[in-house]
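Have a look at the model first, then read on.

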Amino acid sequence: MRFRFTDAAIDTEAARRELLDRGAGGYVSFEGWVRDHNEGLEVTRLEYEAFQVLALKEGDRILAEALQRFPIKHALCIHRVGSLDLTDMAVWVGVSAAHRGEAFDACRFIIDEVKHRVPIWKKEHYRSGDSGWVNCERCAAAPRHAQGADHDHAHEPLEHSVLPE
Amino acid sequence: MSSRTAPIYGLILAGGASSRMRRDKAVLVYQGRTQLDRAFELVKRHVADVFISVRGGQITEPTRAQKPLIVDSVEGAGPIVGIRSALAAYPDVAWLVVACDLPFLSDAALEQLLGERDPRVLATAYTSAHDGLPEPLCAIWEPAAAAALAAYQSNGGQCPRKFLSAHSVLLLEPRDRHALDNINTPEEYQQAMDALDSNAPANSMQLKIQYFALMREQAGRSEETLETSAATPAELFSELNARYRFTLPREQLKVAVNSEFADWSRRLSAGDAVVFIPPVAGG
């Protein structure tokens with residue numbers, strides 16, 4: 001099962017079927033959605049761009065690491081590229097496992113690693129008409145957010161959790 | 001005078017008589033390329049628009065004719081005429097003026113000049129490492145210099161060096177003492193060829209660069225093929241940063257060579273594909 005990109009809506013039902021396994025007692029998925037605000041600014045849409053050749057390799061490495069670290073059956077991640085509107089799904093992660101605990105842990109591991117390692121970039125378009133590449137310009141432009149290059153956009157602020165063995 | 005900083009174009013002075021050399025200095029060849037081509041490509045790495053300054057009689061000379069030209073349009077003789085003609089052709093532009101008898105001129109020397117430029121004075125120039133006098137022919141000339149140069153020439157002045165000494169300009173110490181060594185005689189030409197051949201870093205090579213996201217926008221392109229002598233991604237980044245003025249410092253970037261993450265100090269080979277990776281933001 002390979003990390004992949006799509007420029008059309010993610011078919012979560014088809015993706016979920018790829019994870020079916022007679023030995024799996026459960027399945028956990030995560031969907032990242034485009035939300036209407038980030039760091040105090042009203043967001044109207046996003047554009048995603050990827051360095052796909054390397055992104056596919058790095059995405060596959062993350063899925064392989066998840067399968068090695070956690071006793072799970074299958075793991076998959078699909079990421080959108082192109083222009084997305086509010087409420088669109090930007091990323092989907094699914095994991096099946098014998099038991100729910102590992103499925104939750106592996107799903108969280110995959111989304112965290114994807115956000116930190118895979119060469120994908122996100123341009124936010126704001127209500128004001130401005131736009132900006134997330135993590136690339138707003139630290140410099142807005143000193144009140146100068147907490148480093150690690151802020152999160154589309155979802156709850158996640159801590160980059162300490163990973164299990 | 002406008003308070004806005006003028007954009008910079010490049011001007012290669014190739015209208016000289018080359019009288020002591022007894023040969024046209026622009027077409028002297030170093031390491032397989034004419035000095036005119038070497039100077040043009042060097043300046044082009046730092047400013048987008050580069051012109052060759054020529055006299056009216058030179059516009060069909062083949063080495064010059066293939067490039068954008070600015071033909072002398074004002075009366076008089078000497079390099080001041082070339083500089084004045086460029087300032088007259090584009091009155092709102094500052095000119096990075098480079099003579100074409102400087103075979104050792106380097107990216108670092110142009111970077112220092114551009115980086116320390118003061119647009120409020122008439123020119124930003126180096127002082128000679130040999131006699132401490134201003135070097136007018138590797139300098140940035142601001143739009144406001146046009147009127148002062150015209151007045152200087154109408155009073156009989158010919159020497160751009162004396163002009164700089166007498167006017168409000170910024171003078172810099174060159175970090176590279178030999179960057180501005182010029183050549184005027186056949187003996188100096190031979191010495192320069194020998195020195196360049198013996199210091200030549202590995203011959204230059206072609207690399208393919210791809211740009212993404214913010215860096216794509218700032219480079220104004222998604223890819224390019226580049227002839228460079230940069231030995232590592234770190235050197236390549238410095239060279240490209242001088243041209244595109246990326247806003248992200250290198251510390252915030254990663255680099256990939258041939259579609260795999262790489263060290264900044266890795267040795268590059270001909271044909272390598274290099275991608276600078278700005279901070280990622282998937283999810």
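A salt bridge here means a side-chain nitrogen of Lys or Arg within 4 Å of a carboxyl oxygen of Asp or Glu. Bear in mind that this is a predicted model. By that rule, there are 29 salt bridges over all chains.

**A pair inside chain B**
- Arg117(B) and Glu142(B) form a salt bridge through their side chains, at 2.8 Å from N to O.
- Arg117(B) sits in the loop between helix H4 and strand S7 of chain B, and Glu142(B) in the loop between strand S8 and helix H5, so the bridge ties together parts 25 residues apart in sequence.
- Both ends are tucked away: Arg117(B) is buried at 15% relative accessible area, and Glu142(B) is buried at 2%.

**Across the chains**
- Glu260(B) and Arg61(A) pair up in a salt bridge at 2.9 Å, N to O.
- Glu260(B) is in strand S13 of chain B and Arg61(A) in helix H2 of chain A, so this pair joins two chains.
- Glu260(B) is partly exposed at 26% relative accessibility, and Arg61(A) is partly exposed at 31%.
- Salt bridges with shared partners put Arg61(A) and Glu260(B) in one network, whose members also include Lys57(A) and Glu113(A).

**Chain A**
- Chain A has 4 helices and 9 strands, and 46% of its 165 residues count as buried.
- Arg127(A) and Glu42(A) make a salt bridge at 3.3 Å, N to O.
- That pair links distant parts of the chain, 85 residues apart.
- Arg127(A) is exposed at 55% relative accessibility, while Glu42(A) is partly exposed at 45%.

Key. Residues numbered from 1 in each chain as written. Chains lettered and ligands numbered in written order. Predicted model: local features only at pLDDT ≥ 70, side-chain atom pairs only at ≥ 80, totals over all residues. Heavy atoms only, no water. Buried < 20%, exposed > 50% of the residue type's maximum accessible area, 1.4 Å probe, protein only.
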